[in-house]
Structures are given as structure tokens and as C-alpha cells.
Amino acid sequence: MPAPTKADGVPDAKPTSQPSQKSMTKAERRELQERQRAAKLAQKTVQGGPSAGKELNQSKPPKTPSTSQKKSVDTNGSGTAKLPQTKDTTNYPAVATDDNTAVSRGLQIFSHFGLPKPIGHAIKGDIHPAIIRLGLLFSEFRICGSNARCIATLTAFKSVIQDYTTPPNNTLSRHLMTHLSPQITHLVSARPMSVTMGNAIRQLKLEISGSDIDMVEQDAKDALCQKIDNYIRDRIIIADEVIQELAGKKIKDGDVILTYARSSVVEKILLNAHEEGKRFSVIVVDSRSLLEGKALLRNLTKVEPPIPCTYALLPALPSLMTQVTTVLLGAHSLSANGAVYSRAGTALVAMIAKTHSVPVMVCCETYKFSEGVMLDGFGKNELAPVRFSTPPKHSPILPATPNLDILNPLYDLTPPSSITAVVTEVGLIPPSSISSIPLALGRTTL
């Protein structure tokens, strides 16, 4: 089919295209539009002179898909007509904003991770001062650990509840839920919510909704604060004491206990076993970016007499595992399929221990259990702030690479096959029996 000329191509396209519009395929219509556009552009080039040359240069990228479009039409028909157009629209923004996004050009597989928030982020809504202070502590990583974050959150909510006043023509059981929503949103904007915080907030909302509307407001607030104290006492403090007793029975004289990073429960277990007179040594394995094992090492060596400890980084783990008798690990949360969601590096420790036939015990309170199922650490995670990725002062400085991004995921997922037992306040259970935990607590859900 010969291309129409400038004199008769454009006028003839209208009467010929309208009657046969339905009979033409999408590729043929697209080709006709490209011919019309090329004819108009040639006419502007002849009439406009040098100024039209710029338009011609600007119109070159759109002509590239038309060339590939014709090739795809000739080979594959109308089914491939959309492919060049899709590729074209996705490439232009990347080229246009290449200078602005050169620093944050990360892989798309990590784009859904919880990004670190800047310190002093914007405050939206009526936020209590205690929540603002807690949000700063979260964003600066001054408060780390699932237990510490949960206790701090519930303590701040006690201040929010005590300073709350029910507006006229409202009830506390309904309006307080609305008042807490921006407080929770502010904490989440400072750092992604942990599983423990989510479970505690869910229980608090349940208690608020069940408040008696006929009760005096101050009495209702005092009752809610008392329930918060009971939750912290029963689900965290007393649960840790029971776990200390159960896990302490597995520690014998002469044992070599290996632990990774820092877990508040594991730290209490080791200190409690030392107070009971047991003589054992501890290997603290640590890794960047948080290096939490240093704090655990200080606490274990400042007691009298100090606990013999060895501090090593994660690459030295295979050479140390031959001396270990038991591995004690903490947990951020425990999924319904028995997988442990904990600090990044925990999965490597558990897997190497399994290859050396060393028992791995995960110490986890029942309020850390999640009804969701996790299969890997890529579906949900959080990135450490950039300041934790900077090398030490005396280390060699890496040359600046524009296409290099440093990613520090804070958590990973340990498969249940690498775990020997999970130590909870309801007893030692295998990871495959996680579904029995709600029944052991006398409820249908956690």
C-alpha cells in the first residue's frame, strides 16, 4: 500500500477511515495515524525552518515506537501492538528523572520494605506530647526490641487516656477509638509497627469498646490503665519469668551457649542461670548494622563473677559452632506456620546449628504469635537507617559509586525445619504445633 502524499494524504484519510474504521485492525489504525503525523511534521519542517528542527528532534523518541510497531505488526499482527507503547511510557520518566533518582535507585524487589523515616517527621493531627517523644525515640532507634517497643507504646497510651476528655454528646467507648487513631498513625510514620505493638493495640481497642457507657469517665480511664498494666504484667513480665525457668533447666554446668544479637528474654535467661550458680560460657555472635550484641556482652560481663564470653561476628560462626552445645535465640514474631521472624542473621545461625546437630531453642512469648503465614523475608521487612551503614572512622573509604545502593534489612525468616523447640510461657513446643497455642491459652484466637 503506497504512502499518501502531502497534498492528498491527510484529506483522503478522513473519508476513507470513517467508513472502514470498524473493519480496520488496531495495528492498521495505528499505522494510519503514524503516517498522518509524519506528513504533518514534514509540512511543519518545510514551513518552519530552523525552529521546526527542534520539534523534529523532540519528536524522534515517539517515532522509535512507531518503527518497532511496524515491525511487530508485520511479524506478530495486532496482538503485539501494545508492547512498544508500554515500553516507551516506562522508559521516558526514568530518563527524565535520572539525575534526581540516582541516589535512591534501588531494586524494585525491595521497594515495599519499610523505609527509615527522617528524625522529626511532620506531625499531623492532635498528637499527644508523649506520643511525639516516643516517635522520636523510635526513629532514632533509642528504643529497640519488640518487648521494649510494646511496653513503651502501652505506657504512652496510658498518658493519652488519662489526659483525654470525652466531648459532649459522645461516649468514651466510641470517641476514644477515634482519638487514638492519629496517635497510632504517628508512631507508624516514625517506624513500622511491630507484631507485638499490633497485638497489644488490638487488645486495647477491644477493651475500650467493651467499656461501660454508664461508668464515670475517670473511673473508666482508670480501669483501662489498669488493664494495660495487667497486659504488661501477664503477657510480658510474668511470661518472661516462666520462660526463664523453663529454658534455664536446659543449661548445665560446662555448657557453651551461643546467642545472636541481643534478645531481652535470652539475656534474662543467662543472667538467671548464672545467679543459680551454674557455670557456663557464652558466645555472642553479632553483625552489622545495629551491632546489638555489644550491649548484651556488657551486661553479661559486668556481673560478679563475670560470665565467660566470646564476641565474634557472623563470618566466624562456622568455626565456633563446633564448640557449642545449645543455641538460644530471640524472636520478633512467630508465624502460624512455625517460621521465626527475627533479626537479620538469625536464619543463618539456625541453619548452621542444624548442620552441626546443635539444638536450637527460640524463646518467644505467646503475645508475639501472628496468625499470618510468612514464607520468606522479602514479603515484609524493614530497612535500617543509612547512618548505621557508614563504615568506622579508621576503615578504608569506598569510592563513590552512583549505581550502588546499600540495603540493610533488619529481619529475616528462619524456617521451622531449623528450629528444635520454641520456649513459651505455656511450655516447650515444636514449631509444628503453633496452632495449639490459642487452645492452651483458653481462647480461639491469639
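A salt bridge is a side-chain nitrogen of Lys or Arg within 4 Å of a carboxyl oxygen of Asp or Glu. Side chains of opposite charge can pair when their charged atoms come close.

The structure above is a predicted model, so local features need pLDDT of at least 70 and side-chain atom pairs count only at pLDDT 80 or more, while totals for chains, interfaces and linings use all residues. Residues are numbered from 1 along each chain as its sequence is written, and side-chain values use heavy atoms, with hydrogens and water left out.

How many salt bridges does the rule give? The count is 13. I will go through some examples.

One of them joins aspartate 229 to lysine 158, with N to O at 2.7 Å. This pair links distant parts of the chain, 71 residues apart: aspartate 229 lies in helix α10 (residues 217-248) and lysine 158 in helix α7 (residues 146-162). Helices here are DSSP runs (H or I, at least four residues), numbered from the N terminus.

Next, lysine 268 and aspartate 240, whose closest N and O atoms are 3.2 Å apart. Again distant parts of the chain are linked: lysine 268 sits in helix α11 (residues 264-275), aspartate 240 in helix α10, 28 residues apart.

Is aspartate 240 buried or exposed? Aspartate 240 has 1% relative accessibility, so it counts as buried; that word means under 20% relative accessible area, with exposed over 50% and partly exposed in between (1.4 Å probe, protein chains only).

Last, glutamate 276 and lysine 278 form a salt bridge at 3.9 Å, N to O. Lysine 278 has a relative accessible area of 18%, and is therefore buried.

Definitions and conventions
Helices (H or I, at least four residues) and strands (E, at least two) are DSSP runs, numbered from the N terminus.
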